[in-house]
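Please look over this model before the next discussion. My notes come after the display.

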Amino acid sequence: MLQEAENDFIKARNKALFNEIQHFLNPEEASMISLKAVKNLIKTENETYIGMQVVPIDKIIGSEGRYKDFDNQFFPKRSIARERWEHIDEAVIQSIILPPIKVYELGGLYFVRDGNHRVSVAKAKGVEFIDAEVTSLQTEIRLSPVRTLQGMLKQIINYEKRNFYMETSFGDITEYWCLDFSTAGQYDTIYEHILTHKYFINQGKSEEISMEEAIKSWYETVYLPVATAIVKSRIMRYFRKNTISDLYVFIIKFYDDLKKKFGDDINLDEIVDDLKHKRKLSILRRITNTFKKIILKNNLNNFLF
């Protein structure tokens with residue numbers, strides 16, 4: 001049985017190595033999702049103890065504390081875990097009943113608090129369900145099983161967009177359905193921008209304008225001019241991982257800082273061009289630094305050989 005457990009660990013370890021090789025250009029895609037990273041993206045409410053449940057293994061997608069020891073498939077990344085992993089595997093081979101794992105439930109998915117090795121062994125053996133003591137982190141969002149933090153982020157942003165468009169009727173009012181972001185929490189920022197815009201429009205008016213009017217006014221007089229300047233400048237070539245709306249938020253923040261320093265007489269096109277220039281310099285510096293490292297390495301190799 002000891003030999004069987006040793007062979008099982010070697011197979012699981014090799015799967016982790018193969019997974020790492022497949023994603024060597026983007027190693028984060030093979031990394032396990034950390035509960036802390038997800039909690040930074042999702043605002044959780046009350047923590048509720050649920051008790052004992054039978055949990056689907058394929059919905060266990062991350063860990064609270066041991067996310068560096070296993071890959072995103074729960075295969076062991078480090079041989080340091082070998083002895084404990086093999087002991088658990090031996091117990092499974094001998095049909096010894098193991099204590100339940102402990103997990104956090106968040107949005108319908110699970111993160112291991114205690115029992116990472118037991119989950120890993122269960123995964124390696126193709127087990128579909130496992131006994132778990134569950135504590136729920138309350139949130140309105142429902143998530144589908146994913147294996148990367150980027151996949152999780154995409155779901156969260158899509159959820160936030162659906163909520164924003166439904167609650168504000170933004171698309172129906174503006175006929176603009178491309179208010180997209182690459183980071184979470186930005187729709188709250190946009191809502192605050194609209195409320196601020198509404199507040200200033202209402203100054204000196206005897207009758208307060210409606211939220212619909214405020215949204216339409218903000219889109220036409222604030223967002224659209226900035227978005228138009230961004231498109232016109234072709235700056236998105238230097239921000240391929242970002243969206244127009246990402247840059248809008250950044251530029252407005254930058255614009256407000258400039259107005260505080262230099263007053264209101266600032267040209268929006270000049271700000272966008274300045275941002276593009278700085279981005280070009282940033283890219284150029286990265287390329288230059290890379291070439292410097294290559295040259296330095298080659299010179300060092302010539303010296304050594």
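1. **Basis.** This is a predicted model, in which local features need pLDDT of at least 70 and side-chain atom pairs count only at pLDDT 80 or more, while totals for chains, interfaces and linings use all residues. Residues are numbered from 1 along each chain as its sequence is written, and side-chain values use heavy atoms, with hydrogens and water left out.

2. **Confidence.** The average pLDDT (the predictor's confidence in each residue, from 0 to 100) is 86. At least 70 is reached by 83% of the residues. Residues 286-305 fall below 50. Beyond near neighbours in sequence, that stretch has 1 contact in the model; contact means heavy atoms within 4.5 Å. Where pLDDT is low, the predicted coordinates should not be read in detail.

3. **Helix H1, length.** Helices are DSSP runs (H or I, at least four residues), numbered from the N terminus. H1 covers residues 2-22, which is 21 residues. The expected span, 1.5 Å times one less than the number of residues, is 30 Å for H1. The end C-alpha atoms of H1 are 30 Å apart, which agrees.

4. Buried means under 20% relative accessible area, exposed over 50%, and partly exposed in between (1.4 Å probe, protein chains only). The buried residues of H1 are Ala5, Asp8, Phe9, Ala12, Arg13, Ala16 and Asn19. They cover an arc of only 130 degrees around the axis, which puts them on the same side of H1. The arc is taken from the directions from the helix axis to the C-beta atoms. An α-helix has 3.6 residues a turn, so residues three or four places apart point the same way. On the other side of H1, Lys11, Phe18, Ile21 and Gln22 are exposed.

5. **What covers H1 and H3.** The cover over the buried residues of H1 includes helix H3 (82-93) and helix H4 (116-124). In H3, the buried residues are Trp85, Glu86, Ile88, Asp89, Glu90 and Ala91. Their cover includes H1 and H4. H3 has 12 residues and should span 16 Å; its end C-alpha atoms are 16 Å apart, which agrees. Just after H3, Ser95 takes a positive phi of about 60 degrees.

6. **His117.** This residue is found in helix H4. At 3% relative accessibility, His117 is buried. Leaving out residues up to four places away in sequence, His117 touches Arg66, Phe70, Ala81, Arg84, Trp85 and Ile88.

7. **Aromatic pairs.** Rings of Phe, Tyr and Trp (its six-membered ring) pair if their centres lie within 6.5 Å; planes under 30 degrees apart are stacked, over 60 edge-to-face, and the rest tilted. The structure holds 17 such pairs. Tyr176 and Tyr223 have ring centres 5.6 Å apart and planes at 55 degrees, so the pair is tilted. The pair links distant parts of the chain, 47 residues apart: Tyr176 is in the loop between helix H6 (170-174) and helix H7 (186-202), and Tyr223 is in helix H8 (residues 211-233). Tyr176 is buried at 16% relative accessibility, and Tyr223 is buried at 0%.

8. **Ring cluster.** Which residues do ring pairs link into a cluster? They are Phe164, Tyr165, Phe170, Tyr176, Trp177, Phe181, Tyr187, Trp218, Tyr219, Tyr223 and Tyr248.

How values were computed: Helices (H or I, at least four residues) and strands (E, at least two) are DSSP runs, numbered from the N terminus.
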